[in-house]
Amino acid sequence: MSVSAKVPQWPYLTIANLLIPVAVLVFATGFFPYKPFMPGLATYEEADMPDSLGQAQPPAIFDKVVFMVVDALRSDFVFGEESGMEYVQSLIRSGAALPFTAHATSPTITMPRVKAITTGSIPSFLDVILNFAESDTSSTLATQDTWLAQLKAKEGGKLVMYGDDTWLKLFPGFFARADGTSSFFVSDFTEVDNNVTRHVPEELLNSDWNALIMHYLGLDHIGHKTGPKGPEMIPKQKEMDGIVRQIFEAIENEDHLENTLFVLCGDHGMNEGGNHGGSSPGETSPALVFMSPRLQNVFGANRESPTKASGEFEYYKKVEQSDIVPTLAGLLGFPVPRNNLGVFIADFLPLWEQDYDRLRLLQQNVNQVQKIVEATYPKYQWGASVGESIDCDGDLTVGQHLACRWQSIVKAASDATSKDFAHVTRSYYEFLYDAQAIMSTTASNYDVSKLFLGSSLAFASLVMAWCSLDKFGPITATGIFYTLTLALYGVLMFASSYVEEEHNFWYWVTSGWFCYLFISSSRKEWLPWFIFHPAVTLLILHRIIRRWNQTGQKYAGADDIVHSPLLCGSSSILLWSLVGAAYMDVTIRISRHVGRSISSADEDKQRKGGAGQDDNDADFESTDVNRFIGTLATLPLGATAFVFKLAFTSHDAPELTQGISPGLLAWVDALDLVGMARMVFGGLGVSLSWLVFAEWRRARNRKRTVAGNGDLALTTFDLLTLLLLTQTKAQNIPLYLLFRLQTFFLSLLSLSPTSLSLTTTLLSQTAFFALGNSNAISSISLSNSYNGVASYNISAVGLLLFLSNWAGPVYWALAGTVLLGAHGGVGGERRGFDTSELDERDWVVQERERLVGIREREVEEEGRRGEWGVWRQWVALATMGVAGGLVGVMAACTVLRTHLFVWSVFSPKFLFAVAWSVAHHLGVVVGLGSLVWWVGMW
Amino acid sequence: MSTGIQEPQKPKPSATPIDILNNDTAKIYTHIHPILVLSLYAYKFQSIVAEPVPALSESLIWLGILQIAYAAICLPPTGGSAAPVEKKKPGEKKRAAPSKIESGVNGKIIPAFLSLVVSVAPATPLLAGILVLFGAPITTHHAHTLLCAAHISLLTTLPLVYVHGVNGETWREIIALLRPIDEVYGCMIGTVFGAWLGAVPIPLDWDREWQKWPVTIVTGAYIGFAVGKLVGGTVLKGKKIMFD
C-alpha cells in the first residue's frame with residue numbers, strides 16, 4: 001500500500017516524534033519560568049535603611065516555637081460552629097490565641113504549601129511536578145533561606161520534627177530528632193497520628209530544642225476517604241484539640257517553655273469531596289492560630305468563638321500563608337528569610353511597646369521584599385534617597401507602581417524626624433501588600449516567545465506526521481471523522497469547563513464512532529440480530545464503562561457504578577468475583593502461552609531425536625498435558641497477583657473488602673506487601689523471559705518461508721495486562737473484563753488500519769477517564785506507585801505512577817497494536833461456532849458464508865502483520881493525534897495565559913498533555929508498540 | 001456523521017428520492033412547515049426549560065398535529081412505491097383503500113395518523129434506548145428521556161413511515177444510510193445528527209437553566225430537522241451518502 005509513495009516517510013515520522021519532546025520542553029520553560037531564588041541566609045547587617053530610626057534590634061518576644069501543622073485543617077474545622085476544637089476556641093475567647101484564615105495559593109497540595117509556609121515565597125507550578133519527584137535534590141529547601149534555617153543558625157538552635165516525612169525530604173539533615181510518617185495508606189486514620197503524638201510528652205520535657213515541628217496527616221486522610229462531613233471528622237478534631245491542650249498547658253506550666261510560641265495551622269483545606277489540589281475556597285482556606293499565654297496579657301478577651309464565616313470559609317482576618325514567615329521572624333527574632341513575599345501580620349505589632357521597634361521590624365520586612373522587587377524590576381529607582389521622581393499619576397505598569405510605592409516610603413522615612421509613625425507604617429504596608437500581590441502573580445513572567453516557539457514546534461510535528469502518512473486517493477469518512485475529532489478537541493481545549501470535563505468529549509465522540517461503525521458495517525451486510533451487532537455491543541459496553549467512575553469537576557460526587565451498592569459494602573463479594581474473573585481470564589491466557597511454549601520445546605526435542613516422522617501427532621497428543629503444565633506453572637503467578645490485590649486493598653480501601661470473610665482478611669493482612677508485589681513483578685519477568693526464549697527457538701526452527709503467527713505479541717500483551725491489573729485499584733479491575741470484551745468485538749468488526757487507529761485513540765482516552773482520572777492534579781492516584789518499592793526510588797516510583805494512572809490507555813495502545821496485526825487471532829474462538837445452533841439449513845449456509853468471509857479478511861489482516869509500512873502508518877496516525885492535541889493545549893495555554901483559571905485548569909492540562917505525549921505516546925504507543933510489533937513478526 | 005457525498009452510482013430501481021406532491025398547497029406548505037415547527041419550539045422553549053416534562057408533553061401533541069398535516073399535505077403516501085402496505089390494522093386499511101377520493105380526509109389524514117401510531121409506538125422506546133446508550137441518565141429522568149425520544153421519533157419516523165411504510169428492507173436501507181437523500185430522509189439524518197451535536201453544550205460551565213437534560217438534545221433535534229429538511233430537499237436531493 002505504500003508503493004505509490006515516492007517520498008521517504010520514515011524520516012518525516014522520526015522528526016515528527018522527535019519534535020514532540022522538544023516542543024514540550026521549550027513550551028514548559030516559557031510557561032513555567034524557573035524563578036531564580038536568592039541563595040544564602042539573610043542577616044541583620046543587610047538591613048540598612050535610609051532613616052534615622054536607630055539600629056537597635058527589636059527584642060524577640062519568644063525564643064521557642066511549637067509549629068503544629070494539621071494536614072487539610074480547613075478554617076471551619078477550628079473556628080466554625082460545628083468544630084470539635086473547643087479548647088482552641090476557648091483560647092480564642094480568652095485572647096491567648098490569635099486566629100486567622102491563611103490563604104493558600106493553588107496548587108493546594110502539601111509540598112508547595114510547606115514551601116510557602118517555610119520560605120514565605122509563592123512556589124511555582126513546577127513544584128507540583130517536583131512534589132511527585134520528591135527526591136529531586138533541586139527541590140529541597142536545604143540550601144534556601146527558611147525560618148527553619150534561621151532558627152537552626154541561631155545560637156543553640158536545634159530542630160525537632162515529627163510527622164509527615166515531606167519535611168524530612170525538604171529539610172535533609174536539619175533535625176536533631178525526627179520521626180517521619182509517610183502517608184502511604186490513606187485508610188490509615190490513627191497510626192499516622194499516634195506516631196506523632198507519642199513523641200509529644202517527652203519532647204515537652206526536653207529543653208534543648210528551639211523549634212518543635214509536628215505534621216499530623218490523619219485529618220487529611222479522613223477527608224480523602226469520607227469527606228469533610230465524615231463520621232470520623234469530629235472525633236479527629238477533638239483528638240487534635242486534646243493535643244493542643246496538652247501542649248498549651250505545658251507551655252503554661254513548664255518553666256523552660258515559658259517563652260514558647262505555639263502555632264497551629266493547616267497546610268491547605270479541602271473541598272466538599274474531601275480532596276484538594278485546586279483553588280476552590282474550601283481548598284485555599286486553612287486555619288492559622290498563634291497561641292501563647294503572653295498574648296492574653298496584651299490582647300485580652302475580645303473575640304467571639306465559635307463564629308460565622310464572613311465569606312466562604314473566611315473566618316476572622318484573612319492573611320496570606322506566606323505571612324507566617326516574617327511574623328515568625330519578628331516574634332522569634334531572626335532576619336526575614338530572603339525569598340519571602342509575606343507581610344508581617346499587623347495584629348502582632350502591639351507586642352512591642354516602642355514605636356521604633358515596630359517600625360524597625362516592618363523596615364526589615366520592607367527591605368527584604370524590596371530586594372526581590374529590585375531584582376525583578378531593575379530599571380527603576382530603588383535607592384535609599386529620593387532620586388529623580390517618577391510621575392505617579394495616570395496609568396502605571398506594575399513595576400512603576402511599585403517604584404512609586406517605594407518612593408513614598410523613602411519620602412516618609414526621610415521625614416521621620418516628624419515622628420509620624422502612623423504615616424510611615426502605612427506607607428510600609430502599602431508597599432508590602434502591593435509587592436506581595438504583584439510578585440505572587442507570575443503572569444508577567446511568561447516567556448511568550450518560547451510559548452510561541454513551543455506551539456510552532458508542536459504544529460511542525462503535526463505537519464511532519466501528516467506528511468509521513470500514506471496518501472491514498474479519495475478522502476474517506478474515517479479520515480474526516482479523525483480530522484474533525486482532532487479539530488474539535490483542539491477547539492474545546494480553550495473552554496475551561498471542557499478541560500475539566502474532558503471525559504464527556506471522548507465519551508460522546510466514541511458513542512458517535514460506534515454508531516458510525518454500526519451504520520458502516522450495516523451497509524455491507526445486515527445481521528438478523530442487529531441488537532447483537534458487534535458495534536452495538538461495543539456501544540453497550542461503552543455505556544457501562546463510562547458510568548464506572550464519575551469523573552471531572554462539576555459532577556464529581558454523582559452516582560457511579562463503583563460507589564453504587566452493587567459493588568460497595570457488603571456486596572463487595574460481587575466486586576471480588578469480578579476481580580477474580582479478570583485475574584482468572586488473564587491467567588488462563590498466559591497459561592495457554594506457557595503450554596504452547598512447552599509443546600514447542602517438545603517438538604524441538606523430537607526433531608533432535610531424529611525421528612524424522614511428522615511430529616504433528618506427538619504435538620496433538622501432548623496438547624492437553626502441556627496445557628495442564630502451563631496452567632500449573634501460571635496459577636501461582638495469577639494467585640499471588642490476586643492475593644496481593646486483596647491484601648493491598650484491605651490496607652488501602654478496607655471498605656471494599658467488607659464482604660470478604662474475616663479469617664481470610666486476617667491472613668492476607670499479615671502478608672508482606674512489598675515482597676508480594678516483587679513476587680508478581682518477578683514472576684512476570686520470568687514468564688516473559690521464558691516465553692520469549694521459547695518463541696525465539698520456535699521461530700528459529702520454522703522454515704524461512706513460513707511467517708510466524710504473532711503469538712509472542714499476544715503473549716506480551718497478556719503479560720502486560722497482568723502487570724496493569726496489579727497497578728489498578730481493585731474497584732476498577734472489572735473494567736478490564738469489559739475492555740477484553742470490547743477487544744473481542746472489535747476483532748469481529750475487521751476494521752481498516754485507519755479506523756482501528758481512531759478506535760484505539762478513542763478507547764484509550766475513554767479508558768483513561770473511565771478509570772477515574774481527570775485533568776486535575778488531585779485526581780492523580782499515588783496509591784499503587786509504591787508497589788514492591790521499599791525505599792524511595794524515583795525511576796521505579798515514576799514508572800509505577802505512570803502505569804497506575806495510565807493503565808487503561810496502555811492497555812488499549814497494545815490492544816490496538818495486536819488488533820492491527822491480528823496477532824495470534826486476538827478474537828480467540830471466532831472461528832468456532834456452536835453446533836447446537838445448526839438446526840436450520842439457511843442459518844448454516846449463511847454462517848458458512850460469513851465464516852468464509854471472515855477467513856478472507858483474516859488472510860488480509862495477516863498480510864498486514866510483519867509489514868513495517870502498516871506499522872509506520874499506525875504510528876503516523878497516532879503521532880498526528882498526539883501532536884494535534886498538543887497544539888490545541890499549547891495554543892490554549894498561550895492565548896489564555898492571563899485567564900483566571902490558568903493555574904487551576906490549563907496548567908494541569910498541559911502537564912497531562914505532556915504525560916500523554918511523552919510518556920504514553922513516545923514510551924508506550926511508539927516504544928512498547930514497536931517492540932510488540934517486532935516480536936509479532938517472529 | 002461525517003460522510004462523503006457523491007452522485008449515485010448504482011441506483012436500485014426501488015430507491016428513488018421522494019418528491020413532494022405536485023400541487024401548489026404542498027409546494028407552499030413544505031416551506032412553511034419547518035418554520036411552523038421551529039416557531040412552535042421557540043414559543044414553547046421557555047416553558048420547556050422551566051418544566052421539561054409537562055411542556056414537552058404538550059408540545060408533543062402540537063408537533064404531532066403539525067407533522068400529520070405535513071405528511072397529509074405534502075407527502076405521497078406509502079402506496080406510491082412498490083413496497084406493500086403492512087397489514088397492521090387490516091380493518092381500517094380496507095375502509096381507507098376503497099374510498100379513493102383525492103381530497104378525502106380518509107386518504108390522507110388517516111394514513112398520516114396511522115403513521116403517527118406506528119412510528120411513535122415502537123420508535124419511542126427504541127430511540128429512548130439509543131439515547132441511554134449515548135449517555136442519557138439511566139436511573140433518573142425517565143420521563144425526560146422518553147419525551148425526548150418521542151419528539152425525535154415524531155420528527156424522524158413519522159414522515160418516513162408515511163412515505164415508506166414499514167417494509168423491513170426499506171428500513172434497513174434507511175438505517176444503513178443507503179437511500180438517496182430527499183426531504184424526508186434529510187429530516188431524519190438532520191434530526192439525529194442535530195440531537196447528537198446537542199449534547200456538546202451540556203458540560204460547559206455557563207450554568208444556564210437550558211443546559212439541563214434533555215433541552216439541548218431536543219433543541220439540536222429541531223434545528224437539525226429544519227436544516228436537514230432544507231438541505232435534503234434542495235442541494236443534496238437525489239444524492240447518496242458514500243462511506244469510504
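Colleague: Let's start with helix H18 of chain A, residues 448–467: what span should its 20 residues have, at 1.5 Å a residue?

Modeller: Keep in mind that this is a predicted model. The expected span is 1.5 Å times one less than the number of residues, and H18(A) has 20 of them.

Colleague: Which helices are included in what covers the buried residues of H18(A)?

Modeller: First, the residues being covered: the buried ones in H18(A) include A:Leu451, A:Gly454, A:Leu457, A:Ala458, A:Leu462 and A:Met464. Also among them are A:Ser455 and A:Ser461. Their cover includes two helices of chain A, H1 (9–31) and H33 (868–895).

Colleague: Now for a pair of helices. How are H28(A) and H31(A) oriented to each other, roughly parallel or roughly antiparallel?

Modeller: Two packed helices are described by the angle between their axes and the distance between the axes. For H28 (residues 734–749) and H31 (residues 807–820) of chain A, the axes come within 11 Å and cross at roughly 25°. Angles under 35 degrees count as roughly parallel, so H28(A) and H31(A) are roughly parallel to each other.

Colleague: And how many nonpolar residues does the contact of H28(A) with H31(A) have?

Modeller: The crossing of H28(A) and H31(A) is right-handed. H28(A) brings A:Phe739, A:Thr743, A:Leu746 and A:Ser747 to the contact, while H31(A) brings A:Tyr811, A:Ala815 and A:Leu819. Sorted by class, the contact of H28(A) with H31(A) has no charged residues, two polar and five nonpolar.

Colleague: Let's move on to where the chains meet. Which element gives the largest share of the side of chain A that touches chain B?

Modeller: In total, 29 residues of chain A are in contact with 20 residues of chain B. On chain A, the elements giving two or more residues to that side are H19 (477–492), H20 (496–500), H21 (502–524) and H22 (534–548). The largest share is ten residues, and the helix giving it is H21(A).

Colleague: Last, chain B itself: what pattern does it follow along the sequence?

Modeller: Chain B has 244 residues, and 42% of them are buried. Its elements are eight helices and two strands. Read along the sequence, they give the pattern β-α-α-α-α-α-α-α-α-β.

Key
Residues are numbered from 1 along each chain as its sequence is written. Chains are lettered from A and ligands numbered from 1 in the order in which they are written. This is a predicted model: local features need pLDDT of at least 70, side-chain atom pairs count only at pLDDT 80 or more; totals for chains, interfaces and linings use all residues. Helices (H or I, at least four residues) and strands (E, at least two) are DSSP runs, numbered from the N terminus. A residue is buried if 20 or more other C-beta atoms lie within 10 Å of its own, exposed if 12 or fewer, and partly exposed in between; C-beta atoms are placed from the backbone. Two residues are in contact if their C-beta atoms, placed from the backbone, lie within 7 Å. Axes are lines fitted to C-alpha atoms, for helices over the stretch in contact, and angles run from 0 to 180 degrees between N-to-C directions. Angles under 35 degrees count as roughly parallel, over 145 as roughly antiparallel, 65 to 115 as roughly perpendicular and the rest as oblique. A crossing is left-handed if the near helix is turned anticlockwise from the far one by less than a right angle, and right-handed if clockwise. Ala, Val, Leu, Ile, Met, Phe, Trp, Tyr, Cys and Pro count as nonpolar, Asp, Glu, Lys and Arg as charged, and the others, Gly among them, as polar.
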